[in-house]
Amino acid sequence: MSAKSPIIRYELNDQVYRSIKERLLTREFGGGAKLGLQALADDLGVSRSPVAHALTRLVADGLVISYRRGFHVRPLTAELMTDAHEARLALELHAAELSVKRVSPEELEAFRSRMRLTQIAVHEREMGHAREYMLANKEFHEFQVDLAGNSFLSDMYRRLCLHQLMERTILVLGISAAGGSSEEHEAIVAAFESRDLAAARDALRRNVETGKAIALEALTLAGGVL
């Protein structure tokens, strides 16, 4: 297979995308920082083409902005985090509308299992376990959206990158990652088990508000922007 194979190009593009995305999520580049194509290409040992491809994808993900013929790190501000949580809520509510009345017993058991994992992690307050909670929380909410059985909806939800951004920020700043989410997750699953859409909506709204409060606390500790 030649070096110009579409499969190889796709794999390289994806590797470069994931590498730059990880650096953005860890806030290696500060908010507003310019992302030079050539500098990134030299750093990663690739040509400018896969870097340009990756940055274009990251613009769509909302992690990078493009203006003045260049790419820049999108700053995390209170307004942006509020908007992102509103978008998250809209997707979670729509997913619930599609799924709460038709979720299977097997799916409910899998949902409850993921909820238990978040509850276990909530009780591990030491910073060494904070990342475990964030991962369990991310998987819980992604599963809730996946219950809708709509791949486009699931993809849109994951592209928000909200859980990853919160994880990185919270780990760096060392704040509480759980809030009141343990009881809120229980209420979400219970609403699905009773096929009560109104209760599911209420529980999801409360949980998203908790997440937004945690994100805003992190930004306040960081001086209002990251």
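The legends below describe an overview and several close-up views of a predicted model.

**Figure 1. Overview of the elements in the predicted protein model.** The protein holds 10 helices and 3 strands, and its elements follow one another from the N terminus in the order α-β-α-α-β-β-α-α-α-α-α-α-α. Of its 226 residues, 45% count as buried. Among contacts in the protein with a separation of 6 or more, 76% are accounted for by residues 24 or more positions apart.

**Figure 2. The largest nonpolar core and the surroundings of leucine 55.** In soluble globular proteins, nonpolar side chains tend to be buried together. The largest nonpolar core in this model has 33 residues, of which Ile20, Leu24, Leu35, Val51, Leu55 and Leu58 touch the most other members. Helix 1, which spans residues 6-25, gives the largest share of this core, namely 5 residues. A second, separate core of 20 residues includes Leu108, Phe140, Val189 and Phe192. When its neighbours within four places in sequence are left aside, leucine 55 is in contact with Ile20, Leu35, Leu37, Leu40, Val64 and Phe71.

**Figure 3. The contact of helix 1 with helix 2.** Two packed helices are described by the angle between their axes and the distance between the axes. For helix 1 and helix 2, the latter covering residues 37-44, the axes come within 12 Å and cross at roughly 105°. Angles of 65 to 115 degrees count as roughly perpendicular, and helix 1 and helix 2 are therefore roughly perpendicular to each other. On the side of helix 1, the residues that take part are Val16, Ser19, Ile20 and Arg23, and they meet Leu40, Asp43 and Leu44 in helix 2. Sorted by class, this contact has 4 nonpolar, 1 polar and 2 charged residues.

**Figure 4. Arginine 68 and arginine 69 in the loop between strand 2 and strand 3.** Most residues other than glycine have a negative phi. Arginine 68, although it is not a glycine, has a positive phi of about 50°, and arginine 69 likewise has a positive value, with phi near 60°. The loop that holds arginine 68 runs between strand 2 (64-67) and strand 3 (70-73), and arginine 69 also lies in the loop between these strands. Are these residues buried or exposed? Because exposed means over 50% relative accessible area, arginine 68 is exposed at 76%, and arginine 69 counts as exposed at 90% relative accessibility.

**Figure 5. Threonine 56 in helix 3.** Helix 3 is formed by residues 48-61, and threonine 56 lies within it. With a relative accessible area of 48%, threonine 56 is partly exposed. Tyrosine 17 is 39 residues away from threonine 56 along the chain, and their C-alpha atoms are separated by 9.3 Å.

**Figure 6. Aspartate 146 in helix 6.** Aspartate 146 is placed in helix 6, which covers residues 130-146, and at 31% relative accessibility it counts as partly exposed. Which residues does aspartate 146 contact, leaving aside its neighbours within four places in sequence? Aspartate 146 is in contact with Ser154 and Arg158. Alanine 95, which is 51 residues apart from aspartate 146 in sequence, is 7.6 Å apart from it in space, C-alpha to C-alpha.

Conventions: Residues are numbered from 1 along each chain as its sequence is written. This is a predicted model: local features need pLDDT of at least 70, side-chain atom pairs count only at pLDDT 80 or more; totals for chains, interfaces and linings use all residues. Side-chain values use heavy atoms; hydrogens and water are left out. A nonpolar core is a set of buried Ala, Val, Leu, Ile, Met, Phe, Trp, Tyr and Cys residues joined through side-chain atoms within 4.5 Å. Buried means under 20% relative accessible area, exposed over 50%, partly exposed in between (1.4 Å probe, protein chains only). Helices (H or I, at least four residues) and strands (E, at least two) are DSSP runs, numbered from the N terminus. Contact means heavy atoms within 4.5 Å. Axes are lines fitted to C-alpha atoms, for helices over the stretch in contact, and angles run from 0 to 180 degrees between N-to-C directions. Angles under 35 degrees count as roughly parallel, over 145 as roughly antiparallel, 65 to 115 as roughly perpendicular and the rest as oblique. Ala, Val, Leu, Ile, Met, Phe, Trp, Tyr, Cys and Pro count as nonpolar, Asp, Glu, Lys and Arg as charged, and the others, Gly among them, as polar.
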